[in-house]
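Please keep the model open beside this note. The points below go from the overall fold to single residues.

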Amino acid sequence: MPTISLCVCLYRERDFLERLLKHSCGIYDDLVVIHDGPDTDGIREIVEAAGGRFFEEAREFQQEPHWPKAWEKAAHDWILRLDADEFPSEELTKWLYAFREKNESPENLSGFTCIWPLWDGQ
């Protein structure tokens, strides 16, 4: 069964994160949340209550610098990257359940992200 890490980078989006986690129940095996700056809204507690790992990073005023850190901390090769204000549709949820029931990934499915600051060109 393919295992999936759900990675989220956010800043003070507690309500959105709660909604995302509610709609994502059962479609991931690992949760990684990176917060942009100090957590003043109790987001750590929500993440830990959901069995996830919470990381507070320096304030960058955007999420893009944090994505490489989230992917590095992910426990699994398959990563579902969602913003806090997003959540999977019914169709995506059904697809993810079906994907996770298979013994291995379909041959016609792949994903690639180049993290250029970490890529050394080799």
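1. Terms first. A residue is called buried under 20% relative accessible area, exposed over 50%, and partly exposed in between, with a 1.4 Å probe and protein chains only. This is a predicted model, in which local features need pLDDT of at least 70, side-chain atom pairs count only at pLDDT 80 or more, and totals for chains, interfaces and linings use all residues. Residues are numbered from 1 along each chain as its sequence is written, and side-chain values use heavy atoms, with hydrogens and water left out.

2. Overall make-up. The protein chain holds 4 helices and 4 strands. Read from the N terminus, the order is β-α-β-α-β-α-β-α. Helices (H or I, at least four residues) and strands (E, at least two) are DSSP runs, numbered from the N terminus. Of the 122 residues in the protein chain, 35% are buried.

3. Surface and contacts. The protein chain exposes about 7,700 Å², and carbon and sulfur atoms supply 49% of that area. Areas come from the Shrake-Rupley method with a 1.4 Å probe; for residues, only the protein chains shown count as cover. A contact means heavy atoms within 4.5 Å. Take the contacts in the protein chain between residues at least 6 apart in sequence: 66% of them join residues at least 24 apart.

4. The sheet. The 4 strands form an open sheet with parallel pairing, in the order β3-β2-β1-β4. Its edge strands are β3 (53-57) and β4 (78-81), each of which pairs on one side only. Neighbouring strands are turned by 20 degrees against each other on average, direction ignored. Two strands pair if DSSP finds at least two bridges between them.

5. β1 and β2. Strand β1 (residues 4-10) runs parallel to strand β2 (residues 30-36), and 6 bridges join them. V8 has V33 as its bridge partner in β2. Helix α1 (residues 14-24) packs on the sheet and touches β1 and β2; its direction makes about 165 degrees with that of β1. For such angles, axes are lines fitted to C-alpha atoms, for helices over the stretch in contact, and the angles run from 0 to 180 degrees between N-to-C directions.

6. β2 and β3. These strands also have parallel pairing, with 5 bridges. V32 has R53 as its bridge partner in β3. The chain goes from β2 through α2 to β3 in a right-handed β-α-β crossover. Right-handed means that, with the strands pointing away from the viewer, the path from the first strand over the helix to the second runs clockwise.

7. Salt bridges. The whole structure has 8 of them. The criterion is a side-chain nitrogen of Lys or Arg within 4 Å of a carboxyl oxygen of Asp or Glu. Side chains of opposite charge can pair when their charged atoms come close.

8. D36 and R59. Their closest N and O atoms are 2.3 Å apart in a salt bridge. The pair links distant parts of the chain: D36 is in strand β2, and R59, 23 residues apart from it, is in the loop between β3 and α3 (67-73). D36 is buried at 3% relative accessible area, whereas R59 is partly exposed at 29%.

9. Two further salt bridges. How far apart in helix α2 (residues 43-49) are E48 and R44? They are 4 residues apart, which means about one helical turn. Their N-to-O distance is 3.6 Å. E48 is partly exposed at 44% relative accessibility, and R44 is partly exposed at 31%. E57 and K69 form another salt bridge, at 3.4 Å from N to O. That pair links distant parts of the chain, with E57 in strand β3 and K69 in helix α3, 12 residues apart. K69 is partly exposed at 31%.

10. H66. Buried or exposed? H66 is buried, at 0% relative accessibility. It lies in the loop between β3 and α3. Leaving aside neighbours within four places in sequence, H66 contacts C9, I34, D36, E57, A58 and E60. The C-alpha atoms of H66 and I34 are 6.9 Å apart, across 32 residues of sequence.

11. F87. This residue sits in the loop between β4 and α4 (90-101). F87 is partly exposed, at 36% relative accessibility. It touches R19, L20 and H23, not counting residues up to four places away in sequence. F87 and L20 are 67 residues apart along the chain, with 4.9 Å between their C-alpha atoms.
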